[in-house]
Amino acid sequence: MLYRTAGQFKTSYEADHALFPVKQDAWLLGFILVLAFVVFPMTANEFAFKALLTPVLIYALAALGLNILTGYAGQLSLGTGAFMGVGAYACYKLLTIFPELNILIAIGLSGFFSAAVGVAFGLPSLRIKGFYLAIATLAAQFFLVWLFEKWAWLYNYNASGAIQVPTIEMFGVAVAGPNARAIVQYYFVLCVVALVTCFAINITRGRIGRIWKSVRDMDIAAELVGINLMKAKLSAFAVSSYIVGISGALFVFLWRGAAEPNLFDIPLSFRVLFIAIIGGLGSILGNYLGAILIVALPVIIGTLPATFGIPISSSMAEHLNTMIIGGLIIMFLIVEPHGLARFWEIIREKLIMWPFPH
Amino acid sequence: MNVHPDAVEIVAAPDDGLAPGELLMEVKNVSLRFGGVKAITDISFDVKKGEIRAIIGPNGAGKTSMLNVINGFYTPQEGTIVFRGQERRAMKPHHAVRQGIARTFQNVALFKGMSTLDNIMAGRSVMMHRTLFWQMLWHGPALREEIEHREKVEEIIDFLEIQHIRRTPVGKLPYGLQKRVELGRALAMEPSLLLLDEPMAGMNLEEKEDMSRFIIDVNRQRGTTIALIEHDMGVVMDLSDRVVVLDYGKKIADGTPDAVKSNQDVIDAYLGVAH
């Protein structure tokens with residue numbers, strides 16, 4: 001009933017190409033934006049910012065980057081963690097060399113470094129496909145993490161081998177480092193993520209998105225409608241790695257505050273991949289749903305039994321978390337390969353039709 | 001000359017500067033080998049602007065290989081192809097598209113996860129030029145370009161009578177409609193030469209009649225030159241202006257449907273011959 005589309009007519013192609021052909025979708029998004037920009041910051045405490053809100057946004061951004069490559073352009077990648085690392089280290093070096101640089105610009109620039117690295121490791125995609133390409137990106141994963149460890153210049157030759165984020169101010173307010181307030185960091189991340197998501201939606205629904213999807217669905221036919229496969233695949237690697245790179249910079253500078261090389265190891269890649277798969281490959285919304293699930297699950301498992309008076313050890317909670325996520329991945333691959341986003345689409349279609357079954 | 005009398009009323013003639021009846025493409029002594037297997041041996045024929053040219057022959061005669069050579073998927077070892085007066089040897093399929101050659105496939109090669117509309121829009125990718133920057137912003141030049149091409153695509157959708165499946169993912173469509181969408185995608189490229197590889201394979205009579213009507217309409221209204229491969233002899237003889245017959249990679253006949261029908265070599269190739 002809420003989703004009645006009767007009476008919403010489109011009289012121009014422009015209206016038909018609008019982001020929300022159904023008015024209610026726009027209201028729903030407005031509601032979510034109000035939640036994110038107004039309600040959450042007013043109600044959340046330090047713990048909620050640090051353990052839930054900020055990481056959900058950062059992981060969703062990383063998954064969005066991966067989704068452009070895997071879900072839209074059909075190129076499987078297992079090197080997401082390392083590409084996030086490239087973004088983080090690039091941002092760190094940029095701010096070391098140019099301390100006066102605005103952190104927003106530094107993060108934006110650091111994406112270009114990961115994009116370049118992504119394109120370089122995307123070159124094998126011109127020759128190989130599917131799982132073989134995944135192995136090639138796995139090489140990037142191992143090589144880059146090794147590089148983060150061995151190339152002392154990257155972490156300014158400090159003894160710990162880790163990068164430590166200093167206090168960084170923007171317009172007189174500390175946004176990164178030990179003195180930054182969680183709410184400021186949340187707003188910073190939220191603005192960046194919202195902006196990038198907006199751009200990503202626009203790219204994926206236009207010409208370039210269609211080219212990527214054509215390559216994903218049938219690369220031979222794509223070539224025969226005049227698409228240059230090399231350009232299409234490498235542009236997907238570039239855009240994807242750019243987004244992954246800035247998510248890596250946010251990950252370290254606006255959330256973790258410090259990073260060792262092994263932070264970017266393969267578990268991070270898998271984590272982002274799981275978010276993309278559970279959320280839904282080939283969907284923008286899915287990244288958020290997947291990130292909410294993956295980030296919130298351990299928090300829920302850690303706190304919920306205690307509130308019901310069931311004693312649960314922290315190691316038990318961790319095991320439970322691993323088991324549930326593993327089970328979910330198997331379930332999604334079998335039941336709904338298009339993930340949570342597809343569930344929402346089904347619900348939405350039913351709501352539009354309701355109360356009629358068809 | 002075998003040009004249709006009403007071909008003057010061309011709706012959207014591809015701008016190739018040729019008058020109907022002039023040579024559009026010339027295949028000169030083309031030979032194609034895969035290792036020791038000779039797929040095509042020394043074949044020459046031509047296609048004239050505005051005509052429907054059929055390529056027929058028994059299974060394994062090299063018809064599809066011939067199309068693959070024409071649109072750049074295979075590079076022939078010998079011989080050349082002259083298209084619109086330009087000679088070429090080695091090229092990639094996306095170059096062929098830019099020259100104005102589009103094709104459909106024997107077994108449908110659509111983008112299964114995308115809607116009908118997106119599939120046909122994908123056919124216009126080559127003609128759209130807005131860069132990543134404008135695409136990111138969406139409003140402004142990128143949207144204007146999108147709408148401009150959407151209008152062209154809607155003309156094709158109306159023409160092929162597939163308005164009702166505009167938003168349906170093509171993977172869910174029945175076979176006959178998929179073939180129609182594929183034709184639409186090829187038309188969206190505004191080709192001056194349209195290659196159809198068995199456009200009626202696996203169709204029932206009604207679907208074949210629909211498809212024949214579309215092919216004739218494309219040829220007459222849009223003035224598109226068509227080269228098609230087909231096994232249904234009734235369709236071939238009715239539709240085409242000229243027919244070239246291949247057998248074991250060699251050309252055995254070339255001419256009007258009537259001439260080909262009564263050619264002894266063709267009858268032998270199809271019916272077999274007593275040794």
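**Entry: the model and its numbering.** I am working with a predicted model, in which local features need pLDDT of at least 70 and side-chain atom pairs count only at pLDDT 80 or more, while totals for chains, interfaces and linings use all residues. Residues are numbered from 1 along each chain as its sequence is written, and chains are lettered from A and ligands numbered from 1 in the order in which they are written.

**Entry: positive phi.** I noted that B:Asp42, a residue other than glycine, has a positive phi near 50°, and I located B:Asp42 in strand β2 (residues 37-48) of chain B. Helices (H or I, at least four residues) and strands (E, at least two) are DSSP runs, numbered from the N terminus. In chain A, A:Asn156 is not a glycine either and has a positive phi of about 55°; A:Asn156 sits in the loop between α6 (130-150) and β1 (163-164) of chain A. A:Asn156 counts as exposed, because it has 11 C-beta neighbours inside 10 Å.

Entry: I then followed strand β2 (residues 168-170) of chain A, which runs antiparallel to strand β3 (residues 173-176) of chain A and is joined to it by three bridges; strands are taken to pair if DSSP finds at least two bridges between them. A:Met170 has A:Val173 of β3(A) as its bridge partner. Two residues stand between the strands of this hairpin, and A:Phe171 takes a positive phi near 50° there.

**Entry: two helices of chain A.** How do α8(A) and α10(A) pack, at what angle and with their axes how far apart? Helix α8 (residues 207-217) and helix α10 (residues 229-256) of chain A pack at about 105°, with axes 10 Å apart; axes are lines fitted to C-alpha atoms, for helices over the stretch in contact, and angles run from 0 to 180 degrees between N-to-C directions. The two helices are therefore roughly perpendicular, a label for angles of 65 to 115 degrees, where under 35 is roughly parallel, over 145 roughly antiparallel and the rest oblique. The contact involves A:Ile208, A:Ile211, A:Trp212 and A:Val215 on α8(A), and A:Leu229, A:Ala232, A:Lys233, A:Ser235 and A:Ala236 on α10(A), where contact means C-beta atoms, placed from the backbone, within 7 Å. By class I recorded seven nonpolar residues, one polar and one charged; Ala, Val, Leu, Ile, Met, Phe, Trp, Tyr, Cys and Pro count as nonpolar, Asp, Glu, Lys and Arg as charged, and the others, Gly among them, as polar.

**Entry: the sheet of chain B.** I traced an open sheet of six strands with mixed pairing, in the order β6-β7-β8-β3-β9-β10 of chain B. β6 (101-104) and β10 (250-255) of chain B are at the edges with a single partner strand each, so one side of each has no neighbour in the sheet. Neighbouring strands are turned by 15° against each other on average, direction ignored. Inside the sheet, β3 (residues 52-56) and β9 (residues 242-247) of chain B run parallel, joined by four bridges, and B:Ile55 stands opposite B:Val244 in β9(B). Helix α10 (residues 264-271) of chain B lies across β9 and β10 of chain B, at about 125° to β10(B).

**Entry: B:Ile101.** B:Ile101 belongs to strand β6 of chain B and counts as buried, because it has 29 C-beta neighbours inside 10 Å. Leaving aside neighbours within four places in sequence, I listed its contacts as B:Ile70, B:Asn71, B:Ala96, B:Pro191, B:Leu193 and B:Leu195.

**Entry: where the chains meet.** I found 33 residues of chain B in contact with 23 residues of chain A. On the chain B side, α2 (93-99), α3 (116-122), α4 (132-137) and α5 (141-159) each supply at least two residues, and α5(B) gives the most, with six. That side divides into 18 nonpolar, six polar and nine charged residues.

Note on methods. Two residues are in contact if their C-beta atoms, placed from the backbone, lie within 7 Å. A residue is buried if 20 or more other C-beta atoms lie within 10 Å of its own, exposed if 12 or fewer, and partly exposed in between; C-beta atoms are placed from the backbone.
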